[in-house]
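The sequence and structure come first.

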Amino acid sequence: MPAEALPSTGDMMAASVPMVRTLNLEFTETTPERAVVVLPDQSAFHNHVGGPHAGAMFTLAESASGAIVLTAFGDQLSRAVPLAVRAEIGYTKLAMGPVTATAELGRPAAEVVAELDRGARPEFPVRVSITREDGAETAAMTIVWTLRPQS
C-alpha cells in the first residue's frame with residue numbers, strides 16, 4: 001500500500017491562513033533556509049495604478065516568511081508557537097503583473113532552537129525580497145518572529 005504524502009508547506013499555509021487562499025498565493029519553494037511565493041496578477045487586488053495593492057504585497061511577503069518559519073521550526077510546534085513580532089517594508093519600484101517574494105531566515109535555526117532550549121523566547125529576522133517578472137526588486141521587508149514557549 002503506498003504511503004500517504006505529507007501535505008506541503010503551501011498546502012498547510014492555505015489550510016490555516018485564509019488570506020493565503022484569498023490571494024491565491026503559490027508556494028513554489030519551501031526549505032528551512034528559503035521560501036519562494038508568487039502572487040499572481042489578479043485585477044481584484046490591483047491598486048489605483050493597476051499593479052498589486054501594497055496590502056497584497058505585504059501579505060505575500062509575510063506569508064513567505066511564515067512558510068520559512070513553519071519549515072525551519074515545524075518540529076518545535078509542540079513546545080512553542082511562532083508569532084510575528086514586528087515588520088518593516090519598503091516599496092521601492094512600481095510592481096506590475098505577478099510578483100514573487102523570496103524569504104530567507106536571518107539566523108541559523110539551530111541557534112534559535114538552542115535559545116529556546118535555554119528557556120528564552122528567541123527572536124529572529126526573516127528578510128523578504130519582492131520582485132516582478134523582469135527581476136527588479138519592488139519591495140523589501142524584514143519580519144521579526146519569535147518562538148513563544150507553550151505554557
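Leaving out residues up to four places away in sequence, Phe73 is in contact with Leu105, Ala109, Val112, Val113, Phe124 and Leu147, where contact means heavy atoms within 4.5 Å. This is a predicted model, in which local features need pLDDT of at least 70 and side-chain atom pairs count only at pLDDT 80 or more, while totals for chains, interfaces and linings use all residues. Residues are numbered from 1 along each chain as its sequence is written, and side-chain values use heavy atoms, with hydrogens and water left out.

The largest nonpolar core has 35 residues, and Phe73 is among those with the most contacts inside it, together with Leu60, Phe124, Val126, Val128 and Ile130. Such a core is a set of buried Ala, Val, Leu, Ile, Met, Phe, Trp, Tyr and Cys residues joined through side-chain atoms within 4.5 Å. Two or more residues come from each of β2 (34-39), α3 (54-73), β4 (99-105), α4 (109-117), β5 (123-132) and β6 (137-149). Helix α3 provides the largest share of this core, ten residues. Elements are DSSP runs numbered from the N terminus: helices are H or I with at least four residues, strands E with at least two. In soluble globular proteins, nonpolar side chains tend to be buried together.

## Salt bridges

The structure holds six salt bridges, each defined as a side-chain nitrogen of Lys or Arg within 4 Å of a carboxyl oxygen of Asp or Glu. In the pair Asp117 and Arg79, the closest N and O atoms are 2.5 Å apart. Asp117 lies in helix α4 and Arg79 in the loop between α3 and β3 (80-91), so this pair ties together parts that are 38 residues apart in sequence. Asp117 is exposed at 52% relative accessibility, and Arg79 is partly exposed at 31%. Here buried means under 20% relative accessible area, exposed over 50%, and partly exposed in between, with a 1.4 Å probe and protein chains only.

Arg34 pairs with Glu29, with the closest N and O atoms 3.0 Å apart. Arg34 is partly exposed at 33%, and Glu29 is partly exposed at 28%. Arg132 forms a salt bridge with Asp134, the closest N and O atoms being 3.0 Å apart; Arg132 is partly exposed at 23%, whereas Asp134 is exposed at 55%. Arg107, Glu111 and Glu115 are linked in a network of salt bridges.

## Pocket and cavity

The largest pocket holds about 180 Å³ of space. On a 1 Å grid over the protein atoms alone, a pocket is an open set of points with protein on both sides within 12 Å along at least five of seven lines, a cavity is a set where a 1.4 Å probe fits but cannot get out, and lining residues have an atom within 4 Å of a point. Grid points are joined across faces, edges and corners, and a volume is the space filled by probe spheres set on the points. The pocket lining is Met12, Met13, Ser16, Val17, Glu62, Gly66, Val69, Leu70, Pro82 and Trp145. Both α1 (9-16) and α3 supply at least two residues of this lining, and α3 gives the most, with four. By class, the lining has seven nonpolar, two polar and one charged residues.

A search of the whole structure finds one cavity of 30 Å³ or more. Leu39, Pro40, Asp41, Gln42, Phe45, His46, Pro52 and Gly97 line the largest cavity.

How values were computed
Ala, Val, Leu, Ile, Met, Phe, Trp, Tyr, Cys and Pro count as nonpolar, Asp, Glu, Lys and Arg as charged, and the others, Gly among them, as polar.
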